[in-house]
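Hi everyone, thanks for making the time today. Please have a look at the model on the screen, and I'll walk you through a few spots in it.

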Amino acid sequence: MFSFLLVGSGCAGDADAPSGSASVSPAHQTAFRVRSDVDAGLNANQGWAAPLNQSVTLPVEAPFRLRFEVKTPRDAPFVERFRLQYRRNGKTWRPVMPADFPYATSEITPRVSVVSSPAYEDRAETTDLLDRSTASYAGGVGVSLSGVTAALPDRGAQSEWEWPLVIRRYADGAVTNGEGDTFEFRMVDVRGRPLAADAQGRPLDTDTMPTVTATIPPRLLGGTYPETPGRLGPWEASGGSLYFLMEPAESYNKLMAVKSEDGGQTWHEVDGAHRPATGDLEGFASAAREGTIHMLHQIDTGVLHHSFRTADHPDSPDTWHVRDDTVATPGEPPVQVASIAARSDGSLVGVYGGPEHLHYSIRSPEGTWGDATTIPSPTGAPLSGPQLACGTSDTVHLAYTRRDGTAWYRRIRPDGNLTSPQQVSSGLGTAETDVGSVLPLVHLSETNTTVILYRRADGTMWARRAGADGALSAPTQVTERSIVQSAADSDQVGADAIAFGSRVHVLFIEEETGRLYHTSSPESGSPESGSPESGSPESGSPESGTWTPATLQVDSADVQWVRGRPISKGASSPDAYGYVYDAGSNGGSGMNWYDEISLTDR
């Protein structure tokens, strides 16, 4: 393993400062070329973003490669190794450190990093591909997830060196790369001296300095999904602004509220200077009411409440309010889980995990959290995976899982008391990764019906409906496709559900392909009574709702998470199911995207 010499000062999250000066290396750069196709062969003359020595504009969160042609004098005093530096918007030169994409595989996520190459191994030999120098060719290498090259094969000759790179949207410290930011790159020798432009030692200029101008693709959020999330948004303010909750990077897992003011086309963090101090969003959920988004956040040592005031807040719009308020300390659960519901009187109900049981606490309209109530496990098998929905007359509907493969439904009445448990299914998986087999609950206010969707151990999704009296319908199969479970450290089913009018809409991720699909079902009256405690397999009749054939929504990514909300756009545009999905981060960052499904005629 190489010992890296850090050229320049500061870390990835430091503020940029004016550029300094450095002595010049005896080696000099004779040409460069930017390659946008990271899958192209190392020595293939294809996949270029622009002609020789031409700077480019490229999207963030999209790896690219940069190739240099270098000539070294015959009388150079030592055999060179090279490193790479960058500077953003003409500020300080900084080292380009190795940190992979999308998962950094390191303890840092810098603004810019050297990533691994899918096309070649580290230190693979290069051929003479760029044609500016006429000196004899002596070799060179392609770098992959490394901060330093191999030694020069010879002096008095030319060589070529190729680096796979990525520019991120968010990095450690929640620093942001924005639209139009410029990133200049240069190679330096082991003494930190930049390569000159020619044998006379003249410095690189705009004609020979590779510059990448960043652009932000439409609907890209970037950042990282919370693990094991309940509802995250996008929450809509009355003026149409959208809000979503996430982390900037896996290695800097703080809570961010990002906002879009143009229907999800562009996103930016709001009030980042005052975000909560507690990171590690492993069990996390939110609920919104009257201009405030409330969040419940479970970590190893306790359960916290945060809140953010949206553009609808009358006094302090777009600001953090409650931060890091301790709700309870139930002990560390096997999996951090949380769900929260906001009631019409301003009170909150939060459910969270313990070592064996679930617990819930109620926050008064005045802002005080009450004592916890334990939801016991009669068999001793741990309870987990809670999902809530606030229904008619402030009844809070609750579904959860037990490690023995069963799912259960209960209601928390307005007075805080809990109804008796009713068994929803006995066919869930029993592994720890199956604890989140129940989707976010859906309440249909028109019929006072709550829909419980869940994934069975065989991968299929099923639904049952609870009427006003709590009676459960017979189960109906939502789709025959196998749904992914725990795609990226989530311990959850890869699906989401919302109510819109009298219909239930579901997004789900197909297990075999990672593709995202949509289906919906109308409400067709009161649920049929089923045996709430029966352990019979899900083979019920479809009287309580017929599901439409699944339609493909995203097929260009290995989708790993999805969460959404109904979006009411007003008269100018049709209502939509707005959602944010992880396009294959593998637990890393940079892959959160926004999209919509029109709800007109659905």
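Let's begin with T126, where a polar atom of the side chain lies 2.9 Å from the backbone oxygen of E160. That is a polar contact, meaning a pair of N or O atoms within 3.5 Å; within protein, one must be able to donate a hydrogen and the other to accept it, and residues adjacent in sequence count only if both atoms are side-chain atoms.

Before going on, a word on what you're seeing: this is a predicted model, where local features need pLDDT of at least 70, side-chain atom pairs count only at pLDDT 80 or more, and totals for chains, interfaces and linings use all residues. Residues are numbered from 1 along each chain as its sequence is written, and side-chain values use heavy atoms, with hydrogens and water left out.

Back to T126: you'll find it in the loop between β8 (124–125) and β9 (137–139). Strands here are DSSP runs of E, at least two residues, numbered from the N terminus. Is T126 buried or exposed? T126 has a relative accessible area of 6%, so it is buried; buried means under 20%, exposed over 50%, and partly exposed in between, with a 1.4 Å probe and protein chains only. Leaving out residues up to four places away in sequence, T126 touches several others, including R67, Y137 and E160, where contact means heavy atoms within 4.5 Å.

Now for the charged pairs. How many salt bridges does the count come to? The answer is 20, with a salt bridge being a side-chain nitrogen of Lys or Arg within 4 Å of a carboxyl oxygen of Asp or Glu. Take E162 and R65, whose closest N and O atoms are 2.7 Å apart. This pair links distant parts of the chain, with E162 in strand β11 and R65 in strand β3, 97 residues apart. E162 is buried, at 0% relative accessibility, and R65 is buried at 0% too.

Another salt bridge joins D458 to R456, with 3.6 Å between the closest N and O atoms. Here D458 is partly exposed at 47%, while R456 is buried at 17%. Shared partners also tie R35, R65, R67, E160 and E162 into one network of salt bridges.

Last stop, a sheet: it is open, and its four strands pair antiparallel in the order β36-β37-β38-β39. Two strands pair if DSSP finds at least two bridges between them. At the edges sit β36 (495–500) and β39 (551–554), each pairing on one side only.
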